[in-house]
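Work through the exercises below with the sequence and the 3D structure at hand. Try each task before reading its solution.

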Amino acid sequence: MRTKVAAVMAGLMSVGLLTACGGGTTSAQSTDTVTLAATSVVSKWDPYKNDWSVFKQGLQAVYDSLIYRGADGAFSPGMATEWSYSTPTTFEMTLREGVTFTDGTTFDAAVAKKNLDRAKTVTGPKTFQLADVSSVEVTDPYKVKLTLSQPNPSLPLVLTQNLGMMVSPQAIDNPDQLDQYPIGSGPYSLDASRSTPNDTFTFVKNDGYWDVENTNFNTFVLKKISDTAAALNALRSGQIDGTIGNRPDVPTAEQAGMKTHQQLSYSAGLMIGDREGRDVPALGDIRVRQALNYAMDREALQETIGEGAISTQVFPPGSPGNDPALDTKYPYDPEKARQLLAEAGYANGLDLTIVCTQVQFFDRYAQAAAQMLNKVGINATINNLQLPDYQTARFSGQTPTYAWFYNPADNFYDATQILSSNGLYNAYKIKDAKVDELISQAAVQTGAEQDATFKKLSAYTVEQAFFTITNFGDAYYFYNPKTLKEPEFTQFDPTLPVVRTLQPA
């Protein structure tokens with residue numbers, strides 16, 4: 001039977017990209033071992049050089065983070081036991097005592113400072129998230145104070161992900177070695193002798209983990225299986241215990257005795273990175289961007305990706321910045337789209353390349369969107385890249401348009417990720433005074449006042465057609481209930497179970 005998690009987003013999380021992690025080649029029948037499928041695996045073990053959702057399970061196995069985030073969105077202690085903003089620009093943490101890394105080094109405030117100072121300097125896809133941290137000060141052997149250059153209410157969320165993962169100071173001093181082998185304080189350590197780079201990683205229980213009593217498997221295996229059909233076959237045959245799924249495969253999985261975890265998860269659309277028209281001049285015209293939105297048959301696209309909700313906005317249903325009235329802003333209207341293109345000087349159409357990748361339903365969605373654009377005179381073609389190349393292209397500042405699938409976090413975090421001038425998903429680093437003003441206002445507001453600012457921000461970006469958001473979609477995860485209890489997922493990132501919470505059936 002399927003487990004349906006009815007989730008309405010009250011404040012959510014990133015990845016930029018929606019994909020699955022997991023894997024394994026060992027037997028899935030032993031309660032000593034859990035084996036999950038992975039669409040992609042890490043190529044370097046430095047957590048700060050990695051993106052999040054695609055790679056997080058390998059990182060979660062070997063590293064522990066300062067703060068955890070649960071299925072309900074609430075934060076809980078990790079390597080930090082307490083934290084608070086003493087002022088809007090001062091963030092203080094009390095750290096857990098008695099934590100050691102797998103090389104025997106003790107964790108304390110000096111080590112936390114060394115990690116956080118380094119996380120700001122490493123070139124990686126998430127580095128910008130600590131740009132507001134101007135200094136890290138040790139105030140006690142197990143206390144640190146972060147001074148911010150400007151308010152950032154999403155800092156606890158940032159520290160639940162890879163920038164909050166702590167690395168042994170000896171590994172920090174040997175960055176080339178860290179790329180090849182992880183030294184953390186997480187629930188597992190990497191068994192290199194039973195691992196193959198870019199294919200299979202085998203992890204063994206870390207008996208020195210501070211919460212080892214709640215580490216339920218002796219061995220955790222990730223096996224790269226990029227094709228979801230092949231991963232489902234591996235699950236049905238007992239080679240693995242869990243994998244990301246697609247809606248069309250739910251009946252097949254459940255007929256084989258598997259269960260499905262289903263949960264509202266991600267936004268789908270076309271990211272218009274070049275909205276100033278630097279590489280594709282037409283995209284600099286608001287009428288063209290609005291035409292892209294009117295060309296989208298959102299109901300048909302919902303059928304393409306699965307269950308969820310039609311939308312035009314980046315903030316998800318139920319979150320403070322989401323205004324349901326905005327979702328009717330761009331009804332399916334091909335004639336209106338053609339009219340706007342003609343007014344903008346493109347009555348004879350224009351050429352548009354959409355970068356995508358053949359993972360999960362991504363290509364199916366992009367092909368459907370391209371057909372809709374073709375109907376209004378836009379010659380849209382799909383350029384499918386290998387997943388790592390697609391991930392790189394999104395952030396290169398040289399990809400005008402790409403198929404975009406994003407796991408929200410919370411409204412402030414999402415606004416800074418997607419809309420701010422240094423945001424990860426604003427790869428062209430476009431500055432907009434209105435956006436910057438509203439984000440700055442939200443940073444120092446709370447409650448209803450902040451909610452109203454987020455709604456203004458959402459309305460502005462929808463009106464200006466910053467992107468072509470079409471839908472929010474449910475994610476599907478298949479697992480074997482005979483070997484694995486229903487996994488726990490971080491709120492609105494249900495494609496990847498949290499490694500430390502995995503339990504045998």
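Gln 450 counts as buried because its relative accessibility is 15%, and buried means under 20% relative accessible area, exposed over 50% and partly exposed in between (1.4 Å probe, protein chains only). The model is a predicted one, in which local features need pLDDT of at least 70 and side-chain atom pairs count only at pLDDT 80 or more, while totals for chains, interfaces and linings use all residues. Residues are numbered from 1 along each chain as its sequence is written, and side-chain values use heavy atoms, with hydrogens and water left out.

**Exercise 1.** Describe how helix 14 and helix 15 pack.

Step 1. Two packed helices are described by the angle between their axes and the distance between the axes. Axes are lines fitted to C-alpha atoms, for helices over the stretch in contact, and angles run from 0 to 180 degrees between N-to-C directions.

Step 2. The axes of helix 14 (residues 433-443) and helix 15 (residues 447-463) cross at roughly 160° and come within 9 Å. Helix 14 is therefore roughly antiparallel to helix 15. The cut-offs are under 35 degrees for roughly parallel, over 145 for roughly antiparallel, 65 to 115 for roughly perpendicular, and oblique for the rest.

Step 3. The crossing is left-handed; a crossing has this hand if the near helix is turned anticlockwise from the far one by less than a right angle, and is right-handed if clockwise.

Step 4. Helix 14 contributes Lys 434, Val 435, Leu 438, Ile 439, Gln 441 and Ala 442 to the contact, and helix 15 contributes Gln 450, Thr 453, Phe 454, Lys 456, Leu 457 and Tyr 460. These residues divide into seven nonpolar, three polar and two charged. Here Ala, Val, Leu, Ile, Met, Phe, Trp, Tyr, Cys and Pro count as nonpolar, Asp, Glu, Lys and Arg as charged, and the others, Gly among them, as polar.

**Exercise 2.** What is the hand of the crossing of helix 9 and helix 11?

Step 1. The axes of helix 9 (residues 298-305) and helix 11 (residues 362-375) come within 9 Å, crossing at roughly 160°. The two helices are therefore roughly antiparallel to each other.

Step 2. Their crossing is right-handed.

Step 3. The residues of this contact divide into seven nonpolar, one polar and one charged.

**Exercise 3.** How many aromatic pairs are there?

Step 1. Rings of Phe, Tyr and Trp (its six-membered ring) pair if their centres lie within 6.5 Å; planes under 30 degrees apart count as stacked, over 60 as edge-to-face and the rest as tilted. By this rule the count comes to 24 aromatic pairs.

Step 2. Trp 45 and Phe 203 form an edge-to-face pair, 6.0 Å centre to centre with 85° between the planes. Trp 45 lies in the loop between strand 2 (33-38) and helix 1 (56-62) and Phe 203 in strand 10 (residues 200-205), so the pair ties together parts that are 158 residues apart in sequence. Both Trp 45 and Phe 203 are buried.

How values were computed: Helices (H or I, at least four residues) and strands (E, at least two) are DSSP runs, numbered from the N terminus. Contact means heavy atoms within 4.5 Å.
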